[in-house]
Amino acid sequence: TDGTIRIMLHPIIATGILLIAGTLTAWPADSLSNGVAVLDFTLEKPAAEVADWTAGLPDFVEMALQKEGVPTIERRQIRLILGERDLQTHFTASPEAWQLAKLPGVAYFVSGSVNRTALDHFALTMSVIQAGTATVRATMTKRGTYPADWLPAIQSLARDVSAQVRTQAPT
């Protein structure tokens with residue numbers, strides 16, 4: 001061995017990264033006050049024998065939103081801000097907690113859940129949450145077969161979230 005670290009990705013995930021990353025768009029600096037922060041997703045009805053389909057999902061959602069032209073606040077930047085404020089050690093992922101953190105530039109949060117409805121079927125739900133009030137503005141769900149419909153569902157929901165964020169000015 002030459003000491004190189006090699007990472008193996010599932011072919012569907014690797015394809016999704018290339019498709020999403022290959023079409024990212026830049027967004028103007030003045031849109032930073034209308035940023036979207038993607039929170040962790042939960043797995044409904046988790047079981048020991050069920051793979052966690054939420055692993056990496058926030059990163060895919062973030063990339064899909066960027067592809068739609070939505071200004072996002074990178075998750076690592078949020079972690080840095082929370083660390084500076086010493087919030088990271090006693091912080092929950094609830095929208096109410098994020099509201100209290102008063103993250104700069106965040107107008108909305110996106111969160112959601114994955115429900116594995118059958119061995120290879122899912123229901124992916126995303127919610128748009130207004131940061132200032134922790135009010136859920138919209139909730140959308142896409143259903144499909146895993147893995148064939150997984151990335152199209154993420155991209156479709158990102159388009160729906162983008163439309164919601166663009167049509168609702170934060171208060």
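The legends below describe close-up views of a predicted model. Local features need pLDDT of at least 70 and side-chain atom pairs count only at pLDDT 80 or more, while totals for chains, interfaces and linings use all residues. Residues are numbered from 1 along each chain as its sequence is written, and side-chain values use heavy atoms, with hydrogens and water left out.

**View A. The five-stranded open sheet.** The strand order is β2-β1-β3-β4-β5, with mixed pairing; two strands pair if DSSP finds at least two bridges between them. Strands (E, at least two residues) and helices (H or I, at least four) are DSSP runs numbered from the N terminus. β2 (72-73) and β5 are edge strands with a single partner each, so one side of each has no neighbour in the sheet.

**View B. The pairing of β1 with β2.** These strands run in the parallel sense over two bridges. V36 is opposite T72 of β2.

**View C. Helix α2 across the sheet.** α2 lies across β1, β2, β3 and β4, at about 145 degrees to β1. Axes are lines fitted to C-alpha atoms, for helices over the stretch in contact (heavy atoms within 4.5 Å), and angles run from 0 to 180 degrees between N-to-C directions.

**View D. The largest nonpolar core, with 30 residues.** Such a core is a set of buried (under 20% relative accessible area, 1.4 Å probe, protein chains only) Ala, Val, Leu, Ile, Met, Phe, Trp, Tyr and Cys residues joined through side-chain atoms within 4.5 Å. V61, L65, L124 and I154 have the most contacts inside this core. α5 (150-167) is among the elements that each supply at least two residues, and gives the most, eight.

**View E. Surroundings of L65.** Beyond neighbours within four places in sequence, the contacts of L65 include V36, V38, T72, V110 and A158.

Key
Buried means under 20% relative accessible area, exposed over 50%, partly exposed in between (1.4 Å probe, protein chains only).
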